[in-house]
Amino acid sequence: MFRLPPFIVTLGTWNILYALNLWYSRSETIRSQEIAATAPLLQFFGTAIEIGGARLTYGAILVIVLFVASWYVLERTAWGRHLYATGDDPEAAELAGIRTARTQVQAYVAAGLICAAAAWVLIGRIGSVSPQAGQTANLDSITAVVIGGVSLFGGRGAILGTLLGALIVGLFRNGLALAGVAALWQEFAIGTLIIVAVAVDQWLRRLAR
């Protein structure tokens, strides 16, 4: 009814739920000992196993499975084509017979389920449950997908590029941490990186016209 930009609604809803989460949890962190005693399943994705001499956590395996499944859905199914078309030009997609509203809702549901899985993996990784964990993940995620070639304005992107973008952002942040760069300047660098990435995206879109 109000035709609000989805990105703004998502960002606003995230802040509302984050505030409610802090209120409900009283900003308290559940330590690993308490989790092990009451809900050990939450730490499942932090469990490591040996595969071919390499140690992988179940969380890492889940990420690989999600990327392969996402690639198949986006590149090999009609729904994936419908999603690209809806993101590129919703009006044209609707005229072509695509149920754009339903496609968008399905995309949001899929994104929500993936975010829930990411939260579960994060709990296993850090070994505790904190309402403030992963605060920088939203900015890192946006930076990763833009660097990977996904357009914030829809209709363009590939799952492999997103994977490469995530690896670049992870290496970039880890490199800054290993170099002893303060957390403040790490956030400054990531913010600068996303501005540059979006600017390059806009420039490429203009060239393509």
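So, how do strands S1 and S2 pair? Strand S1, residues 48-51, and strand S2, residues 54-57, run antiparallel to each other, with 4 bridges between them. Keep in mind that this is a predicted model.

Let's look at who faces whom. Ile49 has Leu56 in S2 as its bridge partner, and for Ile51 the partner in S2 is Ala54. Between the two strands of this hairpin there are 2 residues, and Gly52 has a positive phi there, near 60°.

Okay, zooming out. How many helices and strands does the protein chain have? There are 9 helices and 2 strands. If you read along the sequence, the pattern goes α-α-β-β-α-α-α-α-α-α-α. The C-alpha atoms fill a box of roughly 55 × 45 × 35 Å along the principal axes.

Now, how confident is the predictor? The mean pLDDT of the chain is 84, and 96% of the residues reach 70 or more. Which elements have the lowest and the highest mean pLDDT? Helix H2, residues 32-38, has the lowest, at 73, while helix H3, residues 58-76, has the highest, at 91.

One last stop, on the surface. Asp88, Asp89, Glu91 and Glu94 come together there as a patch of negative charge.

Note on methods. Residues numbered from 1 in each chain as written. Predicted model: local features only at pLDDT ≥ 70, side-chain atom pairs only at ≥ 80, totals over all residues. Heavy atoms only, no water. Patch = residues over 30% accessible without salt bridge, like charges linked within 9 Å, V, L, I, M, F, W, Y side chains within 5 Å. Areas by Shrake-Rupley, 256 points an atom, 1.4 Å probe, with all protein chains shown as cover. Salt bridge = Lys/Arg side-chain N within 4 Å of Asp/Glu carboxyl O. Lys, Arg positive; Asp, Glu negative; His and termini not counted. Charge placed at Lys NZ, Arg CZ, Asp CG, Glu CD. pLDDT = per-residue confidence, 0-100. Pairing = 2+ DSSP bridges.
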